[in-house]
Amino acid sequence: MMVDLFVDRVLVKNNRDQDELDTEHEIAIRLQNRILMLFFASAACDRCQEFAPKLGDFFTRLTDEFYVDRSAQLVLLYISLDKSEGHQNDFLQELPKKCLFLTYEDPYRRQLEDKFNVKELPTVVVLRPDCSVLIPNAVDEILRLGPDCYSNWREAAELIDRNFMITEDFQGKPMRSFTDPLRRLKYKVEDEKKRNKKKRGWGAGRDDDAEADGKGVGSPW
């Protein structure tokens, strides 16, 4: 699942306050049932500098209410391969405020680079909500088709329209992809088993008590 990719990680919003998403629930709400673009780049890369504003425009035209009535189910996450935190911060200024990023100190940036076999910069790895790779590098497609390519991604990812997701799907419990079975966190499964055991125990106890009192199941009392 998408959340599993970032378990025990902190995702940071690219806004002025650089708000952190540091709990599984917060990250799940942000990533649930969405396509994720992992943008691998570096401020020292000329092609990255050239591509960044085009990617920013692509993302903004799909998610900003100025352009669309409903935001696309799309998340942009910058994976910095910069040589310094200062370079990373400079590059983030070229990206939309709605995008996310990993802190410079997080070594997971390099692990993701290896995991997705990034060989060139810039690279935009497009992931389905179940965390499988939809497109290994969408840079050329984004440049060629612009926002029109999102409809292809959406169909291939089999996204469920978020308008059909009820409020309870987003509040008070961990989230999971709707392209897979319900995400069963360990404590959820264990709690359910415990409840079932208790119910069986209570039922048996009531029947025993009823028989002891002479009030069986068929008794009106």
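Is Y67 buried, exposed or partly exposed? Y67 is partly exposed, because its relative accessibility is 39%. Keep in mind that this is a predicted model. The points below go through the structure by feature.

1. **Aromatic pairs.** Start with the rings. The whole structure contains 7 aromatic pairs. One of them joins F66 and Y67: the ring centres are 5.0 Å apart and the planes stand at 85 degrees, so this pair is edge-to-face. The cut-off for that label is over 60 degrees. F66 counts as exposed, because its relative accessibility is 68%.

2. **An aromatic cluster.** Look next at F39, F51, Y78 and F91. Ring pairs link these four residues into a cluster. Two of the names come back below. Y78 and F91 are among the residues that S42 touches. F91 is also one of the buried residues of helix α4.

3. **Charges over rings.** R109 lies over the face of Y104, 4.6 Å from the ring centre. K115 lies over the face of F116, and here the distance to the ring centre is 5.8 Å.

4. **S42 in its loop.** Find the loop between β3 (35-41) and α3 (46-63); S42 lies there. Is S42 buried or exposed? S42 is buried, because its relative accessibility is 6%, and the limit for buried is under 20%. Leaving aside residues up to four places away in sequence, S42 touches C48, Y78, L81, D82, F91 and L121.

5. **Cysteines.** How many disulfides does the structure hold? The count is 0. C48 is buried, with a relative accessible area of 0%. C99 is buried too, at 0% relative accessibility.

6. **Helix α2.** This helix covers residues 24-31, and its buried residues are I27, A28 and L31. Viewed down the axis of α2, they fall within an arc of 100 degrees, so they line one face of the helix. An α-helix has 3.6 residues a turn, so residues three or four places apart point the same way. What lies over that buried face? The cover on the buried residues of α2 includes α1 (2-5), β1 (11-13), β2 (20-21), β3 and β4 (74-80). Just after α2 comes N33, which takes a positive phi of about 55 degrees.

7. **Helix α4.** Which residues of helix α4 (residues 85-92) are buried? They are Q88, F91 and L92. Around the axis they cover an arc of only 100 degrees, which puts them on the same side of α4. These buried residues pack against β3, α3, β4, β5 (100-102) and α5 (108-115).

8. The structure has 4 salt bridges. One of them joins the side chains of R9 and D106, at 2.8 Å from N to O. R9 lies in the loop between α1 and β1, and D106 in the loop between β5 and α5, so the bridge ties together parts that are 97 residues apart in sequence. R9 counts as partly exposed, because its relative accessibility is 23%. D106 is buried, with a relative accessible area of 9%.

9. K54 is partly exposed, with a relative accessible area of 42%. E50 is exposed, at 51%, and the limit for exposed is over 50%.

10. The side chains of R110 and E113 form another salt bridge, at 3.0 Å from N to O. R110 and E113 are 3 residues apart in helix α5, so about one helical turn separates them. R110 counts as partly exposed, because its relative accessibility is 39%. E113 counts as buried, because its relative accessibility is 18%.

Notes:
Residues numbered from 1 in each chain as written. Predicted model: local features only at pLDDT ≥ 70, side-chain atom pairs only at ≥ 80, totals over all residues. Heavy atoms only, no water. Helix = DSSP H or I, 4+ residues; strand = E, 2+ residues; numbered from the N terminus. Buried < 20%, exposed > 50% of the residue type's maximum accessible area, 1.4 Å probe, protein only. Contact = heavy atoms within 4.5 Å. Phe/Tyr/Trp six-rings, centres within 6.5 Å; stacked < 30°, edge-to-face > 60°. Lys NZ or Arg CZ within 6 Å of the ring centre and 35° of its normal. Arc of directions from axis to C-beta. Disulfide = S-S within 2.5 Å.
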